[in-house]
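This briefing concerns the structure shown below. It covers aromatic ring pairs, ligand sites and annotated positions.

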Number of protein chains: 2
Amino acid sequence: MDGIDHLADERNKAQFDVDAMKIVWAGSRHAFEVSDRISKLVAADPGFRKDNRPMLGRNELFKNTLRKAAYAWKRIIELHLSEEEAAKLRFYVDEPAYTDLHWGMFVPAIKGQGTEEQQQKWLPLAYKMQIIGCYGQTELGHGSNVQGLETTATFDPQTDEFVIHSPTLTSSKWWPGGLGKVSTHGVIYARLITDGRDHGVHGFIVQLRSLEDHSPLPGITVGDIGMKFGNGAYNTMDNGVLRFDHVRIPRDQMLMRVSQVTREGKYMQSDVPRQLVYGTMVYVRQTIVADASCALSRAVCIATRYSAVRRQFGSQDGGPESQVIDYKTQQNRLFPLLASAYAFRFVGEWLKWLYTDVTQRLQTNDFSTLPEAHACTAGLKSVTTTATADGIEECRKLCGGHGYLCTSGLPELFAVYVPACTYEGDNIVLLLQVARFLMKTVSQLGSGKKPVGTTSYMGQIEHLMQCRSNVQRAEDWLKPSAILEAFESRAARMSVACAQNLTKFTNPEEGFAELSADLVEAAVAHCQLIIVSKFIEKLLQDIPGKGVREQLEALCNIYALFLLHKHQGDFLSTGCITAKQASLANDQLRSLYSQVRPNAIALVDAFNYTDHFLGSILGCYDGNVYPKLYEAAWKDPLNDSVVPEGYHEYIRPLLKQNLRTARL
Amino acid sequence: MDGIDHLADERNKAQFDVDAMKIVWAGSRHAFEVSDRISKLVAADPGFRKDNRPMLGRNELFKNTLRKAAYAWKRIIELHLSEEEAAKLRFYVDEPAYTDLHWGMFVPAIKGQGTEEQQQKWLPLAYKMQIIGCYGQTELGHGSNVQGLETTATFDPQTDEFVIHSPTLTSSKWWPGGLGKVSTHGVIYARLITDGRDHGVHGFIVQLRSLEDHSPLPGITVGDIGMKFGNGAYNTMDNGVLRFDHVRIPRDQMLMRVSQVTREGKYMQSDVPRQLVYGTMVYVRQTIVADASCALSRAVCIATRYSAVRRQFGSQDGGPESQVIDYKTQQNRLFPLLASAYAFRFVGEWLKWLYTDVTQRLQTNDFSTLPEAHACTAGLKSVTTTATADGIEECRKLCGGHGYLCTSGLPELFAVYVPACTYEGDNIVLLLQVARFLMKTVSQLGSGKKPVGTTSYMGQIEHLMQCRSNVQRAEDWLKPSAILEAFESRAARMSVACAQNLTKFTNPEEGFAELSADLVEAAVAHCQLIIVSKFIEKLLQDIPGKGVREQLEALCNIYALFLLHKHQGDFLSTGCITAKQASLANDQLRSLYSQVRPNAIALVDAFNYTDHFLGSILGCYDGNVYPKLYEAAWKDPLNDSVVPEGYHEYIRPLLKQNLRTARL
Ligand SMILES: Cc1cc2nc3c(=O)[nH]c(=O)nc-3n(C[C@H](O)[C@H](O)[C@H](O)COP(=O)(O)OP(=O)(O)OC[C@H]3O[C@@H](n4cnc5c(N)ncnc54)[C@H](O)[C@@H]3O)c2cc1C
Ligand SMILES: Cc1cc2nc3c(=O)[nH]c(=O)nc-3n(C[C@H](O)[C@H](O)[C@H](O)COP(=O)(O)OP(=O)(O)OC[C@H]3O[C@@H](n4cnc5c(N)ncnc54)[C@H](O)[C@@H]3O)c2cc1C
Ligand SMILES: [Ca+2]
């Protein structure tokens, strides 16, 4: 607006090479370059404008999303973008749309669960978007418990077809994104029934709409489930409702990689191991962890920049007031979130590696790491999405009143992000799965079966049960070994305590149910340990760039010591550390904040977000917040007229005290 | 819908007299009767329909609010409602509107800060709504630090007027509710300048709009600041921006109760003590605490009823699945919020008493309890609003995917509630004020000055510094004395530890700044003690009704023991309790959950909310959730046509692969 960088002073303070940090954040120079190029391309294209979203009604909003999705696809084709680039483009367009489900769930489901033949038939159509698909699992009455789904797929041997049917109201499909108005096809989950026998839930490719005129096929009732949290936000998506009235599909549209129904109606398992499907889950959840670091870093970028712009109190002799980022309470809320964004980034990177590792092992029929990988991704999905949702809202509060404006970008970011705590597994349900795995691990400790992967610390259970932290001065908490030992012993002791308490119950399932709140806490402790230790491992790598390693070390320590303070009760009640040591950790944390403070703006610049992507006046790169806020206000539809619509009907009669005669 | 009460079984399980509990919740039989009558009146009147809000664009939404506000006023007059009844009616209409500021801030500001004469002139106009007023304090660049406001009111002795002016962009008024489009007047805060001297910030009554045609008066630029968090939510309110270009007002429109400017331009203090204005603050914050209990109870009511309807997993032999309310993790998240709603209700009730007490003392020039009352209301405002905002969001998550739908009522409840954490004092800034007061209290402990009111426990500081909890069995935690001692010693020790750490700094202000994060924690501990102890005091009163006291005792214990578990680190690090005792508290908590479980539905029925007020399909009284969700979906504007608008332009070209030629 005025061309001046109001945050230049802040940028000059930085004690590290921001460009090098950008590459660390992106994961590689290549990844950085792709991101940088595509994000600027999107930002510069008026076709991808998004600042008008809050003002649009549902129909306009949705139509606008349809336009953007088509336009994005057009640009992808015109520019001959690679798969990687296309995915980045969709990411930077930053608007939930049916394409998310098409590419993120429909295609992977066919890849993961379809036979070679099925893949050859359906994938080319999907890749060219000649069909558009959704993922139809959840029903009105059934979500977390997938095995409880009610939709039926009954084999009719006479016609060699499945009859898909919604027997009850609660069996209506409910939630699938892209289903409501767009998808021509769906992978639909239904109970497979052959010859009167129920074989449980299986996936089927079902055509939903005519490819000629888009009308729903006979027997299909389909629509949108209505508005969701926020303005704009996820309302660009047509989450849908769907009922089947005896809809027939050919037998070969059951996804048959793992189990089949023969022409005669015989149900059979293939020799492909069932576990293969877990691979897809690991994949999807890994992308969710990566998304968590994106969403959190975005909120943190906004709150950090604005905290350096915003001044409040502390004016001396009529000079400017203090920047709110200099208040320790502000730092104590903000910097751990900054550290978390980096922590989630690195654990996400590691999960990508884990996915490759698991996939390779699966191909050689090595299933040994699968339960651990599965538990670990479930837990990390839960812990990172919960922390991110809470963190976005904390960032909004850190911006005071102005954070409540849509132009801050934070309300919509929260509203659009928060379902990540629910979809792909409710976060509490997932932690209970982790806890179940941990209890199994503990129970096998004496048995000679060695705990693998992220549970391998349990191998030193005897040490972890009796060790005592030898931290004596605040600086001792900077040692990775001190942090690791504290987090490992906390996690181990909490799991062991749960396991011991479980033995007091005659019925183990009853015990598990009764102690489930404690079990969830043990699972969280385990997951936090993973994140801390992957951050520490990251620091063992070669990290080029002046001062970059030092900054990351400080952030790693902030992440760990902040958690330690927040969960002090765990560490103290299990006797892993003493009250004195906890207090030293807190002292160290404060001095880490001072260390990060001059680097804060540069640390969020390293995310390399464009102003378009951030979508926030408070977070704009140049920090020129106030003139922009002021200008934006006048664009609200309410300001189209000086005297508001409704004045004559509803305000004037009141002021003039002739309400009685007014028509209301 | 089908006339059946799907929650009848749950209601039959209740072990207490729900009608008696309704009266306890309302505060008195009279309060219950008024609430009950007015809420039903509002619910039955189609003029107050609110389920269409998410679908409306900003202009329609706002116009609809104008209509409702006028209609509400009409009904108030027609029905000859008392002040109490009128306030209840506005409450049950449940839609932020300019009237909130008119009645809640403009009128009280004139009452509190105006002279007798000014009150006589302005209040009758305001009472009849012949003028509509707002509260204009915050500016674009200045919020928390009221003393930093930039708007000026310069006395012109020549004309006997003040010249109100906005010297900078950042001095633009920004946020005042009702300002943007409706208010004819405002209490505007500005720096008083006489004869070149700045006397700091004072309030002025300024007319903003013509009473004839509603156009802004000369020199005034005014408009709406734009969309805020959520859909519907606070977007029914015209929070405004306002700039003054040398606007003149008569001298007698400065609010002169405490200080005056004479005809000659002399600045003078009246003999009315300044402290009187704190009375208003205590009043306003007390209403905020009461609102917290309303908002939280509403969310809890929705989540509790839905948790009894929702079933997931645990089906035995094809029978129905388990109600999710039976899962201990669900109880561990939900029941402490249920207990908090009751706790906030009772502490709010007590604050009402405190306000009366303070007012009476002020009238006899007794200022002794004022600092304590001020700190205590600031702290309770902060702690209850933070817990409520977080609690509403947790209730939303407790409803799984369906909680994300607008028809659950929870997204809008969150969006409309959450600014309570920011307005009337940012919650962190308020806690720092509490901490300051606590440090002062501790520093005076040896001096013979006895701590009063909610800090009187500090009088036994020696005991509290060395006592050890004598809890030996889980049931011992049911004793109020055990709970009180633990909470008192925790709060006292945290304050004393901060005070001791402060002495290590040569500059006390620097120390306060450096330790502010710890100080905030000490302030929270103090406030939680107040809430716990007021709940315990409530139980000392006569409480009629079968089983009512027992339920309240269980809720009080849940509230306290849940906090104890959550803040275990505080209790352990200060040595108030042992790890063993902490674990016993946790065991006791679990058995309290079992005790509350059969009463849960009845405990939320006791709030006596109509389905209209709840505004939630998930929380509807009869529990007939699924058919209602299904029906509501079809009302979304997206479902107006089967094939969506935009199909021909944006979907078909994609499927048909002729995007290149499409106009996008
Ligand atoms: C924005 C959004 C997009 C979605 N997109 C899709 C999609 O494309 N396709 C699709 O098929 N689905 C989709 N879903 C549905 C989503 O997958 C489910 O909402 C999710 O799986 C959670 O299930 P639920 O809603 O049944 O929650 P519930 O399981 O009903 O959860 C309610 C409460 O019960 C608790 N609970 C449940 N089971 C247990 C247990 N065993 N122990 C303890 N507590 C328990 C939960 O913790 C929660 O507090 C979407 C949902 C949303 C919000
Ligand atoms: C919905 C809504 C309605 C409103 N209605 C009105 C109205 O009718 N009239 C009116 O005049 N105003 C109104 N306001 C404005 C409101 O009163 C201010 O937003 C509020 O006082 C907070 O001030 P701020 O926005 O300046 O926050 P800031 O003070 O800028 O807060 C930003 C951050 O700085 C931190 N911070 C600030 N000072 C300190 C400190 N000393 N130490 C440590 N940390 C600090 C805060 O904790 C916060 O994290 C409204 C606001 C909202 C959101
Ligand atoms: Ca809208």
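In helix H9 of chain B, B:Tyr342 and B:Phe346 are placed four residues apart, about one turn of the helix. Both residues are buried. The model is a predicted one, and the points below are grouped by topic.

**Aromatic pairs**

- Over all chains, the count of aromatic pairs comes to 56.
- A cluster linked by ring pairs contains A:Trp175, A:Phe229, A:Tyr234, A:Tyr404 and A:Phe414, together with B:Trp175, B:Phe229, B:Tyr234, B:Tyr404 and B:Phe414.

**Ligand 1**

- Ligand 1 is located between chains A and B.
- There are 31 residues around ligand 1, and those that come nearest are A:Thr138, A:Ser144, A:Asp426, B:Arg310 and B:Gln330.
- The shell around ligand 1 consists of 15 nonpolar, 12 polar and four charged residues.
- At least two shell residues come from each of helix H12 (427-443) of chain A, helix H9 (328-363) of chain B and helix H10 (370-398) of chain B.
- A nitrogen atom of ligand 1 is 2.8 Å from a backbone N or O atom of A:Tyr135.
- Oxygen atoms of ligand 1 also approach the backbone: a polar backbone atom of A:Gln137 is at 2.9 Å from one oxygen atom, and a polar backbone atom of A:Gly143 is 3.2 Å from an oxygen atom.
- On its own, ligand 1 has 970 Å² of accessible area, of which the protein covers 94%.

**Ligand 2**

- The site of ligand 2 is shared between chains, because residues from chains A and B surround this ligand.
- Of the 31 residues around ligand 2, the nearest are A:Arg310, A:Gln330, B:Thr138, B:Ser144 and B:Asp426.
- By class, the shell of ligand 2 holds 15 nonpolar, 12 polar and four charged residues.
- Helix H9 (328-363) of chain A, helix H10 (370-398) of chain A and helix H12 (427-443) of chain B each contribute at least two residues to the shell around ligand 2.
- A side-chain N or O atom of A:Arg310 is 2.6 Å from an oxygen atom of ligand 2.
- An oxygen atom of ligand 2 lies 2.7 Å from a polar side-chain atom of A:Gln330, and a side-chain N or O atom of B:Asp426 is 2.7 Å from an oxygen atom of ligand 2.
- The protein covers 94% of the 960 Å² of accessible area that ligand 2 has on its own.

**Annotated positions**

- In an unreviewed entry, UniProt lists A:Glu424 under "active site".
- A:Glu424 is found in the loop between helix H11 (410-417) and H12 of chain A, and at 25% relative accessibility A:Glu424 counts as partly exposed.
- The unreviewed UniProt entry also carries the annotation "domain: Acyl-coenzyme A oxidase N-terminal" for residues 17-132 of chain A.
- That span of chain A, residues 17-132, is 73% helix and 0% strand, and its end C-alpha atoms are 45 Å apart.

Key:
Residues are numbered from 1 along each chain as its sequence is written. Chains are lettered from A and ligands numbered from 1 in the order in which they are written. This is a predicted model: local features need pLDDT of at least 70, side-chain atom pairs count only at pLDDT 80 or more; totals for chains, interfaces and linings use all residues. Side-chain values use heavy atoms; hydrogens and water are left out. A residue is near a molecule or strand if one of its heavy atoms lies within 4 Å of it. A polar contact is a pair of N or O atoms within 3.5 Å; within protein, one must be able to donate a hydrogen and the other to accept it, and residues adjacent in sequence count only if both atoms are side-chain atoms. Accessible areas come from the Shrake-Rupley method with a 1.4 Å probe; for residues, only the protein chains shown count as cover. Ala, Val, Leu, Ile, Met, Phe, Trp, Tyr, Cys and Pro count as nonpolar, Asp, Glu, Lys and Arg as charged, and the others, Gly among them, as polar. UniProt positions are given in the numbering used here, feature names are shortened, and annotations may be inferred rather than shown by experiment. Rings of Phe, Tyr and Trp (its six-membered ring) pair if their centres lie within 6.5 Å; planes under 30 degrees apart count as stacked, over 60 as edge-to-face and the rest as tilted. Buried means under 20% relative accessible area, exposed over 50%, partly exposed in between (1.4 Å probe, protein chains only).
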